[in-house]
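Subject: Structure handover

Hello,

Here is the structure I promised to pass on. Please open it first, then read my notes below.

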There are 2 protein chains.
Amino acid sequence: LFNKQIGEFRAEFLELHPYDQAKIFEEQSEDVRMLIYSYLSPEEMADVMENIDYEDVEEFFTEMDPRYASNVLAEMSTDDSVDILNELDKDKVASFLTIMDKEAAQEIKELLHYEEKTAGSLMTNEYVVIHAGQTVKEAMRHLRQEAPEAETIYYTYVVDDQKRLVGVISLRDLIIAEGDWLVSDVMSDRVVSVSVGQDQEEVAHMMRDYDFLALPVVDFQNHLLGIITVDDVMDVMEEEANDDYSKLAGVSETERSDQSALAAASKRLPWLIILLFLGMFTASLIGRFEKALDVVPILAIFIPLIAGMAGNTGTQSLAVAVRGIATGEIEKLGKTKIIIREGLTGLITGLSCGIVVTGVVYVWQGNLFLGMLVGLSIMMTLIIATIAGSMIPLVMHRFKIDPAVASGPFITTINDIISILVYFGLATMFMDLLLKQ
Amino acid sequence: LFNKQIGEFRAEFLELHPYDQAKIFEEQSEDVRMLIYSYLSPEEMADVMENIDYEDVEEFFTEMDPRYASNVLAEMSTDDSVDILNELDKDKVASFLTIMDKEAAQEIKELLHYEEKTAGSLMTNEYVVIHAGQTVKEAMRHLRQEAPEAETIYYTYVVDDQKRLVGVISLRDLIIAEGDWLVSDVMSDRVVSVSVGQDQEEVAHMMRDYDFLALPVVDFQNHLLGIITVDDVMDVMEEEANDDYSKLAGVSETERSDQSALAAASKRLPWLIILLFLGMFTASLIGRFEKALDVVPILAIFIPLIAGMAGNTGTQSLAVAVRGIATGEIEKLGKTKIIIREGLTGLITGLSCGIVVTGVVYVWQGNLFLGMLVGLSIMMTLIIATIAGSMIPLVMHRFKIDPAVASGPFITTINDIISILVYFGLATMFMDLLLKQ
């Protein structure tokens, strides 16, 4: 493809969907990329850049000629160029904005100051607005003019003279309506909007629940500031799901399969080292019970069983709590109710597993007290671990702390420690009974 | 709301968005629901039902008058009523289809036989088709007629005389185009489609990557069979993310925060009991090394550390592999490459953690050989656990086995067992060295 003349290259490359163009572009070496910059107009390059993860484009914008780069940024959807500019350092952003076409720079600046992960950071200001007093025909003419620039034209928002949001009309309803009707008669005045500071996860849920293709964003006085389209929300959903998943596994959300082993190891190691020292602490705890181990060495063989069960059950309960927070179910039900429910669940599972373990250990080792000790430990640790698994993320969420600490391995290690304390605590208390047998 | 006259109720209830109507409806007792059925037409009820999870509606359709129920099903989007019918038992489905309006029943029957979780099961047959030879004006007139029935009109698919898919045109392009142009001149003939048997996860990725609002579904001869809209794909994304998340935590994907403790416990217990017996097996393995434990009881205190580290690192590597499968990165890179990468990652993390542990244990216990034993065990188990964590889901995926077995707690327990074998195996081999100190 790249040995061809510019004309042939353009013909073939521009036939592709921009997403495929982006995939091809990303795989090229710097030399070839420099060639592509010279072959494509800033507008064509903007389509390519919009289809690359915004975390990955920094090097491309650095290697481009600054004037070309700022033209590309100006041609991109405003929300996408803002995402990219947020990744670059401030000096570079300022220099791009200075070279850039004034109007485009103004649009970008409007969006640059919104906080990350809020509705404001997702929205675009390239949308079509019509006035309640216009006729359907006028609205359609306006829509046709604005269509090439707008992010979506399938929903058009209706504002009053103060730019306050008063209604919404879908293109579907517009094309069905008669030309001389007034927009205010055809529009729906029960328009669902989000406020500019709202969390992006809530925005995603609204979009999913109401099956919208776009959502208007307003300030506290109901002035229309921008719109969020469904394609951006799909990326948010993916991002949030990955985020929760990574935390549960204790991996960095930025780790990807195509990175080198060294990069992967350097991302996983910090976690592993922390867990290593927590594990050392667990070991030192068991060390305190060395006397009990000396007297009844068989105690040692059940350590992984008890710690493992505590870890597993804690992770289950953590996952249900995190998912409940994500779907909003927990807000609805109330935290106390959830913790009581988890406590009861822990009681039922603990009791069941405890009885099974008591029986198995008794038959296997012929020692009823050992069986009861292990069974009782399992029961108690399951109850505690289940409650801890749901309580820790809920408390974190309450205090608006990002529950990174509530990640899977961390909860597992905490539960390991608790279970060891319970097990050896009980063993020391009932040492006499154990030795009698 | 429900003490009011039918007129007032209707006025207030129907003003709400169907999603909010559904939320209110779900919270009512059976008596009130029966009243609502009598207040709303099947068409109005269909809007409500479309906004309830299809797993939850069975009881509603059972309590409705059968004729009313089948009218509601007929009025719903075909893809939604098919989802519901798939949840009901076959006799009931047959009886609903018999009472139903013939045309609606026919449309539903067409979709009923597609396999779950494929493109076919997501698609609807309520879409607008135009012919390549029509003019833009004719196409627009046709679109206006069909708009009220169609799932989306923002993309219109273009077919030839044999109903083969030849192009796509967005409503945006249609309204910009001149009325007397031919559809074939305005449409894009590079239309991206999915085949009817394709996995729903792949469909979701295409939709997300290409930012489509709808995708056409074709058979192997490129005949247009239906379309998939973005709102259905958002539900799929949520479902797939939940699915992976639940597996990692070892909880049932159907468990929700609003279920009773007994229901939750009964869903978690099967897993816990299996893990309990695997834990017992681990215990019996350690039992075999009782002699080593008798001679060097200090060995016991490092069991949770080693097993825990193996579990954590295995889960990390499992998560990266599962995510890589989900995003399609792994298909692209090849499985061997991934496993080699994970092996190297395991080597680096293992070596680092091993050295740290050796040092800490040496300083703490004053026994260099014990330190080296624990360090070497950590290193070996980290390498093995990292490889196992990525290999197990990859092998499962290869053989198209649903990797439920590759869930987090299972991998953790397998890695527990391996780590215990490595640790005590090494301890037994180097017993003499340990005792010398």
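Start with the nonpolar surface patch of about 430 Å², made by Leu376(A), Met380(A), Ile384(A), Met429(A) and Phe430(A). Please keep in mind that this is a predicted model. Helix H21 of chain A, residues 368-398, gives the patch its largest share, three residues. Met380(A) lies in that helix. Its relative accessible area is 33%, so Met380(A) is partly exposed.

**Charged patches**

Next, the charges on the surface. A patch of positive charge gathers Lys137(A), Arg141(A) and Arg144(A) with Lys137(B), Arg141(B) and Arg144(B). Which helices supply at least two residues each? They are helix H11 (136-146) of chain A and helix H11 (136-146) of chain B. Take Arg144(B), which is found in helix H11 of chain B. Arg144(B) has 37% relative accessibility and therefore counts as partly exposed.

There is a negative patch too. Chain A brings Asp53(A), Glu55(A), Glu58(A), Glu87(A), Asp89(A), Asp91(A), Glu115(A), Glu116(A) and Asp235(A) to this patch, and chain B brings Asp211(B). Glu58(A) is found in helix H5 of chain A, residues 58-63. Glu58(A) is partly exposed, because its relative accessible area is 33%.

**Salt bridges**

Side chains of opposite charge can pair when their charged atoms come close. Here the count comes to 22 salt bridges over all chains.

One joins Glu239(A) and Lys117(A), at 3.9 Å from N to O. This pair links distant parts of the chain, 122 residues apart. Glu239(A) sits in helix H15 (residues 230-249) of chain A. Lys117(A) sits in the loop between helix H9 (102-112) and helix H10 (119-122) of chain A. Buried or partly exposed: what are the two partners? Glu239(A) is partly exposed at 28% relative accessible area. Lys117(A) is partly exposed at 34% relative accessibility.

Another is between Arg208(A) and Asp209(A), with the closest N and O atoms 3.1 Å apart. Arg208(A) counts as buried, because its relative accessibility is 12%. Asp209(A) is buried as well, with a relative accessible area of 18%. Buried here means under 20%.

Then look at Glu238(A) and Arg208(B), whose closest N and O atoms are 2.6 Å apart. Why does this pair join two chains? Because Glu238(A) lies in helix H15 of chain A, while Arg208(B) lies in helix H14 (residues 200-210) of chain B. Glu238(A) is partly exposed, with a relative accessible area of 22%. Arg208(B) is buried at 12%. There is also a network: salt bridges that share partners join Arg33(A), Glu59(A) and Glu63(A).

**Aromatic pairs and an enclosed helix**

How many aromatic pairs does the structure hold over all chains? There are 21. Tyr210(B) and Phe212(B) form a stacked pair, 5.5 Å centre to centre, with 10° between the planes. Tyr210(B) has 13% relative accessibility, so Tyr210(B) counts as buried. Phe212(B) is buried too, with a relative accessible area of 14%. In chain A, Phe25(A), Tyr37(A), Phe60(A) and Tyr68(A) form one aromatic cluster.

Now go to helix H7 of chain A, residues 78-87. Seven of its 10 residues are buried, so the helix is largely enclosed by the rest of the structure. The buried residues are Thr78(A), Asp79(A), Asp80(A), Ser81(A), Val82(A), Ile84(A) and Leu85(A).

**Backbone angles**

Most residues other than glycine have a negative phi. Two residues here deserve a look on that account.

Lys163(A) is not a glycine, yet its phi is positive, about 65°. Where is Lys163(A)? Look in the loop between strand S2 (155-159) and strand S3 (165-170) of chain A. Lys163(A) is partly exposed, with a relative accessible area of 41%.

Asn222(B) has a positive phi near 70°, and this residue is not a glycine either. Asn222(B) is placed in the loop between strand S5 (214-218) and strand S6 (224-229) of chain B. At 29% relative accessibility, Asn222(B) counts as partly exposed.

Best wishes

Terms used: Residues numbered from 1 in each chain as written. Chains lettered and ligands numbered in written order. Predicted model: local features only at pLDDT ≥ 70, side-chain atom pairs only at ≥ 80, totals over all residues. Heavy atoms only, no water. Patch = residues over 30% accessible without salt bridge, like charges linked within 9 Å, V, L, I, M, F, W, Y side chains within 5 Å. Areas by Shrake-Rupley, 256 points an atom, 1.4 Å probe, with all protein chains shown as cover. Salt bridge = Lys/Arg side-chain N within 4 Å of Asp/Glu carboxyl O. Lys, Arg positive; Asp, Glu negative; His and termini not counted. Charge placed at Lys NZ, Arg CZ, Asp CG, Glu CD. Helix = DSSP H or I, 4+ residues; strand = E, 2+ residues; numbered from the N terminus. Buried < 20%, exposed > 50% of the residue type's maximum accessible area, 1.4 Å probe, protein only. Phe/Tyr/Trp six-rings, centres within 6.5 Å; stacked < 30°, edge-to-face > 60°.
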